[in-house]
Amino acid sequence: MTNNLMPRTVSSCALWLLLAFASLDAAAAAAPASGPGFSDSEGCLLCHKYPRIGRVTDEGARRSYYIMPEVFAKTVHRNVPCRDCHTEIRELPHKPVTRGVTCDTECHSVKNPATGKPFSHKPIYEAYRASVHGRDKQAKGTDGDKPYCVSCHTNPLYNPQELAPPAAITDRCTLCHEDRNFVNRWYNHTSRRIREVRRTPEQIVQLCSTCHDDQKMVQRHQQQAKVDGRPLGAKFPIAVNSYEESFHGKMVRYGYGAAANCLSCHADRKNYYLSVHEIRPSRDPKSPVHADRRLETCRQCHTRADVNYASLDPHPTSAKGLNAFRYYAEMIYNIIGNVVIAGLVGLSLFETYGRWRDGVCWRLLHGSSWRRNSRRGRDRVV
Amino acid sequence: MKLSAEARDVVETCMRQRRIGDKERAEIEAVIAALPQDRVLLAKNVVSNPVGDLPRYSIHIRLQHMLTFTTFLTLAFTGLPIHFFEAVWAEPFNSVLGGVGITRIVHRTIAVLMVLSMVYHLMTITLGPWAQWRAGRLDWRRTMLPNWKDLRDLRADVRYFAGRGDMRPEMDKFNYKQKIHYFAAAFGNLVMVVSGTSFLFPEFWNWLLPAAIASEWQELMRLSHPHEALLALLVIAFWHWYNVHLAPGRFPMQWTFLTGRITREHQIEEHFLEYLRNLVELPEERRAVIDMLESRELVAEAAPGGKRR
Amino acid sequence: MQPLTRWQKVIAYAALAVVGLWTAWGLFAIWVMWFDPHR
């Protein structure tokens, strides 16, 4: 009789389990924002949850389209539904994407609480487009070397060092705002801006060097500038090397973040977060490193600087074309140094040879003196 | 020994300045006459105490040397690892003191000490000769000031080394080698101090200098400081240390920097005119050299009384 | 030249060793800079 009962029990257990899973699924589908904060209300994760999802481009590059919801839920874009940025997607499964996401998209869902309007990165995007780095997402020629938004902005995690918002703070907020998840997300948003999450000075130098120290990139731009007949900054080809040789570069490398890094001079300290997107060439009068603005830029740190001080070169170089004085000074120094050393050491050795011929010698254990018999026969008597 | 004109002048000046009386003068002349004409023979046969026989450096000079070389080496040991920060040998030097933040401070502090030592030295080299001049005892040939004789001595010395001369020239208290080294070190120190101040006080130099050269000046100073430091180090290591530690006759160490006294042998060989002054000024030196000459039967034949004094 | 006493030898050879070690380190540093300047 147990034999008869078992299949029934098993199958009814299985049925219960299935129902349980089904209801969970339904619950998940029907109730957005009940988990860690990332909701898949549009069903994108149906495919994009698989680690191997991706494609190989015509050029042979591999692109991964894998999304890890538990990671994405901790990033700054976690509240933005997929299609607010990926606007080309109209159906499931969707057609191949052609234009892709550009960062000036306006969100439908996320509103700017201050203005009530849909949130957008458009103002900064436009400012960036007007700067020396500005480019389209699909850029042609040397513009392709310029950084697009995602070159620097990598959709970072909220405060990776912090595992959870501190209960001591969020307890208080939850008293009135009731929803612990809401409070935690709000805490992340503000605490990220209060903590210093900017790149460190060493990281800034490294970031800029990724391109500006790439000799091939530099050469491409020099060629292009020649073809176009437009000027390039004199220090452009040697920007990183000369900076590393300068006092500022050395201080930053030795760990003194207070010294000037690239953005300290090439971006305005006033409204810094905007001005780092508005970097302009030094010939542009708005640039902080334009000749007319250099003094005030130096004065950000060197408060007693005067016009002469501002003429000191933060990108020192010995290249002949750029600083002939230094080129020749260095050459003369090298010549003098080598001649002096060779001359003096040569004279010492010559002297030793001459004295040795007359009978001086080394006697390692008893000190040295005129003990040997010389070739010229005027020797010690005893 | 029959003295050359130059040597005779030196002896006469010294005797006049010391107000040597007639009796002592006769004694001195006798000793000089007893010296063999061949200075090489003389130098080879004198008995010398390696820690020094004859006075050469006052306590002030010895202190200044001690200060200079300790500050110099410390500055080199802290400065080179700062300049060549990434070099593999620099890391232990930077970290042993607690990181480059500390070596920077040590470097600047010791630099101040070096400047003070230079001031001390300047006082010595001005007040010393001034006091001598007041006492009527100043002989410019005994100072570090270069003159044409030094060039003649260099030429004669090189000829001797090449085998074309019979003896080394009669050189004075500070011969061409000391003068080269002294002025190289003085100039080097000056460059280091000035370029150091232009690093520490760039606003001052920019205020001081006209606009046209302010930037060039700073570039020159930035080049000078490490270059001059390296040059000085190389000169010290391969020229100075060779001459005071490794050269035959000095090996393993010349003691003059500690005792202030130079060996008889060295004095006769390289500073003979000063040796003559030692004979004038120090009766015990006259006795010592006569004893040595007699015991080795080297007394010059032309001396009055032949082989005996 | 009279021979050095024992203590004089200790001092003199110790000074020579210090100077020699310093020079050896310098030669090593120069060698490194000559052949691998950005190490």
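Modeller: Let's begin with chain B: of its 309 residues, 35% count as buried. Please keep in mind that this is a predicted model.

Colleague: What else describes chain B, in helices and strands and in its span along the principal axes?

Modeller: Chain B has 14 helices and two strands. Its C-alpha trace spans about 75 × 40 × 35 Å along the principal axes. Taking contacts in chain B between residues at least 6 apart in sequence, 75% join residues at least 24 apart.

Colleague: And how does chain C look in those terms, that is, how many helices and strands does chain C have?

Modeller: Chain C has one helix and zero strands. The C-alpha trace of chain C spans about 50 × 15 × 5 Å along its principal axes, and buried residues make up 13% of its 39 residues.

Colleague: Which residues meet where helix 10 of chain B passes helix 1 of chain C?

Modeller: From helix 10 of chain B there are Leu233(B), Ala237(B), Trp241(B) and His245(B), and they meet Leu16(C), Val19(C), Thr23(C) and Gly26(C) in helix 1 of chain C. By class, this helix contact has five nonpolar, three polar and no charged residues. For the chains as a whole, the contact takes 17 residues from chain C and 18 residues from chain B. The chain C side divides into 11 nonpolar, five polar and one charged.

Colleague: What makes up the largest nonpolar core, and which residues touch the most other members?

Modeller: That core has 22 residues, and Val31(B), Ile268(B), Phe272(B), Leu276(B), Leu279(B) and Val280(B) touch the most other members. Two or more residues come from each of helix 1 (5-17), helix 2 (22-34), helix 3 (39-45), helix 13 (272-281) and helix 14 (283-295) of chain B. Helix 13 of chain B gives the most, with six residues. Leaving aside neighbours within four places in sequence, Leu279(B) is in contact with Ile28(B), Val31(B), Ile32(B), Glu285(B) and Arg286(B). Apart from this core lies another, of 12 residues, among them Met192(B), Leu231(B), Ala237(B) and Tyr242(B).

Colleague: Now to chain A. How many residues of chain A are in contact with chain B?

Modeller: 47 residues of chain A are in contact with 41 residues of chain B. Helix 17 of chain A supplies the largest share of the chain A side, 19 residues. By class, the chain A side divides into 22 nonpolar, 11 polar and 14 charged.

Colleague: Why is Ser348(A) called partly exposed?

Modeller: Ser348(A) has 18 other C-beta atoms within 10 Å. A residue is buried at 20 or more and exposed at 12 or fewer, so Ser348(A), with its 18, is partly exposed. Ser348(A) sits in helix 17 of chain A. Beyond its neighbours within four places in sequence, Ser348(A) is in contact with Trp239(B), Tyr242(B) and Asn243(B).

Colleague: How do you know that Asn271(A) and Arg19(B) are exposed?

Modeller: The cut-off for exposed is 12 or fewer. Asn271(A) has 10 other C-beta atoms within 10 Å, so it is exposed. Arg19(B) has 9, so Arg19(B) is exposed as well. Phi is near 55° in Asn271(A), a positive value in a residue other than glycine, and near 50° in Arg19(B), again positive. Asn271(A) lies in the loop between helix 13 (262-266) and helix 14 (272-275) of chain A, while Arg19(B) lies in the loop between helix 1 and helix 2 of chain B.

Colleague: And where are the prolines with a cis peptide bond?

Modeller: One cis peptide bond joins Leu92(A) and Pro93(A), with omega about -10°. Another runs from Phe251(B) to Pro252(B), with omega near 0°. Pro252(B) lies in the loop between helix 10 and helix 11 (256-259) of chain B.

Methods: Residues numbered from 1 in each chain as written. Chains lettered and ligands numbered in written order. Predicted model: local features only at pLDDT ≥ 70, side-chain atom pairs only at ≥ 80, totals over all residues. Contact = placed C-beta atoms within 7 Å. Helix = DSSP H or I, 4+ residues; strand = E, 2+ residues; numbered from the N terminus. Nonpolar A, V, L, I, M, F, W, Y, C, P; charged D, E, K, R; others polar. Core = buried A, V, L, I, M, F, W, Y, C linked by C-beta atoms within 7 Å.
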